[in-house]
Amino acid sequence: MFDAVLLVMLIMLAISILVGLYRAIQGPSMADRVIALDLIGIMMIALIGVVSIYLETQAFLEAILVLGILAFIGTVAFARFIERGAVIERKRD
Amino acid sequence: MKTNDVILQTVTTVTVFIILTFAAYLFFAGHHDPGGGFIGGLMIASALILLYLAFDIELIHKGLPFDYKLLMGVGMALSLLTGIGAIVLQHPFLSHTFEYVDFPFFGEIELATSVLFELGVTLAVVGATLTIILSISEDV
């Protein structure tokens, strides 16, 4: 019963990743694609959480935190690239 | 128009310490749990990259005056010295040992010499990553 609930959650998370993937491919502007990639990262975090419950292990909890940090830094870097053109600035004016 | 990213800078000053704490946890957990020197070094590097993103290179270099190429060399030398130390003590190259030591406040803690090797790996990873990224962003 509980495994069936977890499988339904996995399928729904996979569907929402596919919807985000549609927006990442189709999105008319660059910001739509960045937001879609951020959403895919967050959905992957949820997917890892459900899979680690399904496999009854604690070995993936560090991967959740690492993926959260990397999604944040990647989104900030893309936002800087869209706004200024340069990701890391030599001297702030 | 002068841009103002006070939200990014405030979030960064809080988040960097969380990421560095997580990196230290990953580094010390690597002996018995998932983690280790490589991913710990990558997390330290990503905390520093977040600082470079929110502020600029010259401001961070004023606060953290590290030569990352020198850091990479120091890390590789430290990893090599743990191997040579085994030769000095009449053991094969890169033999590692561990010991359980009683500390007054923390209780019994396992001290392993492979932590020193992992520390060298961590320094090399941080140095290599930041050397690559800062030299790519040099001429913008």
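Colleague: How many residues of chain B are in contact with chain A?

Modeller: This is a predicted model. In it, 21 residues of chain A are in contact with chain B. The number on the chain B side is 26.

Colleague: What area is buried between chain B and chain A?

Modeller: The size of an interface is often given as the accessible area lost when the parts come together. Here, carbon and sulfur atoms give 66% of the buried area. The area buried between chain B and chain A is about 2,200 Å².

Colleague: Which residues in chain B lose the most area to chain A?

Modeller: Three residues together make up 26% of what the chain B side buries. They are B:Phe22, B:Leu53 and B:Asp56.

Colleague: How many salt bridges does the rule find across the interface of chain B and chain A?

Modeller: The rule asks for a side-chain nitrogen of Lys or Arg within 4 Å of a carboxyl oxygen of Asp or Glu. Across this interface the count is zero.

Colleague: Where does helix α1 of chain B meet helix α3 of chain A, and which residues of α1(B) make the contact?

Modeller: Helix α3 (residues 61–84) of chain A and helix α1 (residues 6–29) of chain B have axes that come within 12 Å. They cross at roughly 150 degrees, and the crossing is left-handed. By class, the contact has 11 nonpolar, no polar and two charged residues. On the α1(B) side it is made by B:Leu8, B:Val11, B:Ile19, B:Phe22, B:Tyr25 and B:Leu26.

Colleague: Within chain B, are α4(B) and α5(B) roughly parallel or roughly antiparallel?

Modeller: Helix α4 (residues 68–88) of chain B and helix α5 (residues 114–136) of chain B have axes 7 Å apart. They pack at an angle of about 155 degrees. Angles over 145 count as roughly antiparallel. The two helices are therefore roughly antiparallel.

Colleague: Is the crossing of α2(B) and α5(B) left-handed or right-handed?

Modeller: The axes of helix α2 (residues 37–54) of chain B and α5(B) come within 8 Å. They cross at roughly 35 degrees. The residues in contact include B:Leu48 of α2(B) and B:Val125 of α5(B). The crossing is right-handed.

Key: Residues are numbered from 1 along each chain as its sequence is written. Chains are lettered from A and ligands numbered from 1 in the order in which they are written. This is a predicted model: local features need pLDDT of at least 70, side-chain atom pairs count only at pLDDT 80 or more; totals for chains, interfaces and linings use all residues. Side-chain values use heavy atoms; hydrogens and water are left out. Axes are lines fitted to C-alpha atoms, for helices over the stretch in contact, and angles run from 0 to 180 degrees between N-to-C directions. Helices (H or I, at least four residues) and strands (E, at least two) are DSSP runs, numbered from the N terminus. Angles under 35 degrees count as roughly parallel, over 145 as roughly antiparallel, 65 to 115 as roughly perpendicular and the rest as oblique. A crossing is left-handed if the near helix is turned anticlockwise from the far one by less than a right angle, and right-handed if clockwise. Contact means heavy atoms within 4.5 Å. Buried area is the accessible area (1.4 Å probe) that two parts lose on being put together, summed over both. Ala, Val, Leu, Ile, Met, Phe, Trp, Tyr, Cys and Pro count as nonpolar, Asp, Glu, Lys and Arg as charged, and the others, Gly among them, as polar.
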